[in-house]
Amino acid sequence: QFAKAEDAIKYRQSALFVMAQHFGRVGAMANGKVPFDAKAAEQNADIVAQMAKLPWAGFEAAHEGGKAKPEIWKEQAKFKDLADKMQAETVKLAAAAKTGDLDKLKAAFGPAAASCKACHDDFRNR
Ligand code: ASC
C-alpha cells in the first residue's frame, strides 16, 4: 500500500494523531474538564471509531520507525489482538456517546483509554 517506509510511518502517525485529538475531546467531557455536550460527544466518538480502523495499514509491512517497537513485527498475533480490542472499545464508546447519557460515556471512556495504553505499553517506544 505504501511506496516508501516514511509514507507508512507518516500515515499511521497521522491516523493516530487525528484519532487522539477527537478522543481527547470526548475525554475532556468524560472527565468533567469541559461541559458535557451530547452532540459533540457523539460526533467526536464517531470519528474516533472510524479513525481507529486506519492506523493498521501503516503497520502491515515491517516499516520500522517513529516510535514503533520492532516487537510489532515479531509478535503479530499479540499486536493484532490489542488492535482489535482497541477498535472494539471505540465502537462501544461511540455507542455510549449515542445514548446521550454522560454516565454511560464515562463508563466507556476508561476501558477505551486503557485499550490505547495497553498497546503503547508493549509496542511503543517512549
Ligand atoms: C489519549 C491519547 C492516548 C491515550 C492514552 C490513554 O488521549 O493520545 O494515547 O489517550 O493516553 O491512556
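Tutor: Helices here are DSSP runs (H or I, at least four residues), numbered from the N terminus. This is a predicted model, where local features need pLDDT of at least 70 and side-chain atom pairs count only at pLDDT 80 or more, while totals for chains, interfaces and linings use all residues. Residues are numbered from 1 along each chain as its sequence is written, and side-chain values use heavy atoms, without hydrogens and water.

Student: At what angle do H2 and H3 pack?

Tutor: Helix H2 (residues 38-51) packs on helix H3 (residues 76-99) at about 160 degrees, with the axes 8 Å apart. Angles over 145 degrees count as roughly antiparallel, so H2 is roughly antiparallel to H3.

Student: How do H1 and H2 pack?

Tutor: Their axes lie 9 Å apart, at an angle of about 150 degrees. H1 is therefore roughly antiparallel to H2.

Student: And at what angle do H1 and H4 cross?

Tutor: At roughly 130 degrees, with axes that come within 9 Å. H1 and H4 are therefore oblique to each other, the class left once under 35 (roughly parallel), over 145 and 65 to 115 degrees (roughly perpendicular) are taken out.

Student: Which hand does the crossing of H1 and H4 have?

Tutor: A crossing is left-handed if the near helix is turned anticlockwise from the far one by less than a right angle. The H1 and H4 crossing is left-handed, H1 and H2 also cross in a left-handed way, and H2 passes H3 with a left-handed crossing.

Student: Now the ligand: which residues surround it?

Tutor: Counting residues with a heavy atom within 4 Å, the shell holds Ala-20, Phe-23, Ala-113, Cys-116, Lys-117 and His-120. Helices H1 (5-30) and H4 (102-123) each give two or more residues to this shell. H4 gives the most, with four residues.

Student: How far is a backbone N or O atom of Ala-113 from a ligand oxygen?

Tutor: The distance is 3.5 Å.

Key: Polar contact = N/O pair within 3.5 Å; in protein donor to acceptor, adjacent residues only side chain to side chain. Axes fitted to C-alpha atoms, helices over the stretch in contact; angles between N-to-C directions.
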